[in-house]
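Have a look at the sequence and the model below before reading on.

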Amino acid sequence: MNIQQTCETYVANTYKRYPVTFVRGAGAHLWDEEGREYVDLGSGIAVNIFGVSDPVWVGAVTKQLNALPHTCNLYYAESCARLAEMLCQRTGMQKVFFSNSGAEANECMIKAARKYGEATGRSTIITLKDSFHGRTIATLAATGQDVFHQHFGPFPAGFAYAEPNDINSVRALSERENACAVMLEVVQGEGGVRALDGDFLRGVEALCREKDMLFCIDEVQTGNGRSGQLYAYMTYGLAPDIVSTAKGLGGGLPIGATLLGGKVKDTLTYGDHGSTFGGNPVACAGAVSILSRLDEEFLQGVRERADYIRGELAGAKGVRGVDGLGLMLGIETEKSAGEIVSACLARGVLVLTAKSKVRLLPPLNIAWDDLKTAVAVLKEVIAA
Ligand SMILES: *Cc1c(COP(=O)(O)O)cnc(C)c1O
């Protein structure tokens, strides 16, 4: 059997895959087993911030790999400590819990919020319709989409779903449900790349202060420079109590981080939470190398690339609209998104979908030549 047949036979059938097997990459370029070259506008779903096998990241990771790949959390580890310090200094948050994925980062956010609410007898967490928070049982329950609430029940109680961009809906639920937290994405990613209104986000923050609810932001996809700011909430000057992040933070290795602000920095104590691999030295060393390069000059480059893509696509033939923030863009097209992804693949350009939209999540440092070539192909495919 070839690779694709073996995979179809032995790997659980939870993913619909395109008929391509990548064997190598460098920056925004990937090569398949036949040697065909592709330009990547998906970054392995917002993970490969500096493209594939970025040499600085590879250097940091291999150095740690050779020195000490794993110890477990019974002992101290330098890269884990440095990463936590860096995350706190750059965000004003006070403590970090490390895990291995976005869903786990959100599990920790949920646990911290529940324990915070315990003293006042509150346990409900308000999330938004069309949100996406992960695939574990609790994060599926947090996800405000009915399609994710089939087959796997009973789900944990204590989640209520408000309308995005409707502060009255959040207020009504907060009064009805006796809620301890609101949890949202600044740009709803899997829900169709929908950037929420700044006024709504500031309204939720004010409501959280008024009702002593925790303001919790899921930056798993939007975080780590993707939005054109280090974290998307910074675009609107928000001050969340908890922030979860993952995907791009590891630059290609699994990591999740839950950033805890002043109100909850001591909420989780000994024995409350843990993870065997959480804070893994190799993943953390890679993340330190990623985060230390996401400075203002770099973020300016992200915004310039985003402006370029928007300028090319807004009003172009076959394009109905462009939504998103920074290099997280959703394009509504006349043709179906699936058709566009397949046609781009055939022409050597990788793009994604989110609901009915074409989704772009290019490497944040994609070379201008590559970006221009790939966007030109995408435009032709959308217009054809
Ligand atoms: C991808 C994603 C998750 C889940 O992350 P995993 O690493 O797949 O568990 C959670 N929240 C948001 C906003 C995401 O985009």
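What follows is a short tour of ring pairs, a helix crossing, backbone details and some distances.

This is a predicted model, in which local features need pLDDT of at least 70 and side-chain atom pairs count only at pLDDT 80 or more, while totals for chains, interfaces and linings use all residues. Residues are numbered from 1 along each chain as its sequence is written, and side-chain values use heavy atoms, with hydrogens and water left out.

**Rings and charges**

Let us start with the aromatic rings. Rings of Phe, Tyr and Trp (its six-membered ring) pair if their centres lie within 6.5 Å; planes under 30 degrees apart are stacked, over 60 edge-to-face, and the rest tilted. The model has 5 aromatic pairs by this rule. In one of them, the ring centres of Phe-22 and Tyr-38 are 5.2 Å apart and the planes stand at 90°, so this pair is edge-to-face. Phe-22 belongs to strand S1 (residues 22-26) and Tyr-38 to strand S3 (residues 37-40), so the pair ties together parts that are 16 residues apart in sequence. Helices (H or I, at least four residues) and strands (E, at least two) are DSSP runs, numbered from the N terminus.

Two charged side chains also sit over rings, meaning that NZ of Lys or CZ of Arg is within 6 Å of the ring centre and within 35 degrees of the ring normal. Arg-293 lies over the face of Phe-50, 4.0 Å from the ring centre. The charged end of Lys-372 is placed over the ring of Tyr-308, at 6.0 Å from its centre.

**Where two helices cross**

Two packed helices are described by the angle between their axes and the distance between the axes. The axes of helix H4 (residues 78-91) and helix H9 (residues 281-291) come within 8 Å and cross at roughly 35°. Axes here are lines fitted to C-alpha atoms, for helices over the stretch in contact, with angles from 0 to 180 degrees between N-to-C directions. Contact means heavy atoms within 4.5 Å. On the H4 side, the residues that meet H9 include Leu-83, Met-86 and Leu-87, and among their H9 counterparts are Ala-285, Val-288 and Leu-291.

**Backbone details and accessibility**

Now for the loops. The peptide bond from Gly-153 to Pro-154 is cis, with omega near 0°, and Pro-154 lies in the loop between helix H6 (137-142) and strand S6 (159-162). Cys-72, in the loop between helix H3 (55-67) and H4, has a phi near 90°, a positive value in a residue other than glycine. Asn-165 is not a glycine either, yet has a positive phi of about 60°; its place is in the loop between S6 and helix H7 (167-177).

The table gives accessibility for several residues; buried means under 20% relative accessible area, exposed over 50%, and partly exposed in between (1.4 Å probe, protein chains only).

| Residue | Relative accessible area | Class |
|---|---|---|
| Phe-22 | 32% | partly exposed |
| Tyr-38 | 4% | buried |
| Cys-72 | 23% | partly exposed |
| Asn-165 | 26% | partly exposed |
| Gly-271 | 77% | exposed |
| Thr-127 | 0% | buried |

Thr-127 is found in strand S5 (residues 124-128). Setting aside neighbours within four places in sequence, Thr-127 is in contact with residues including His-133, Phe-159, Tyr-161 and Met-183.

Gly-271 lies in the loop between strand S12 (256-260) and H9. The C-alpha atoms of Gly-271 and Thr-353 are 40 Å apart, and the two residues are 82 residues apart along the chain.
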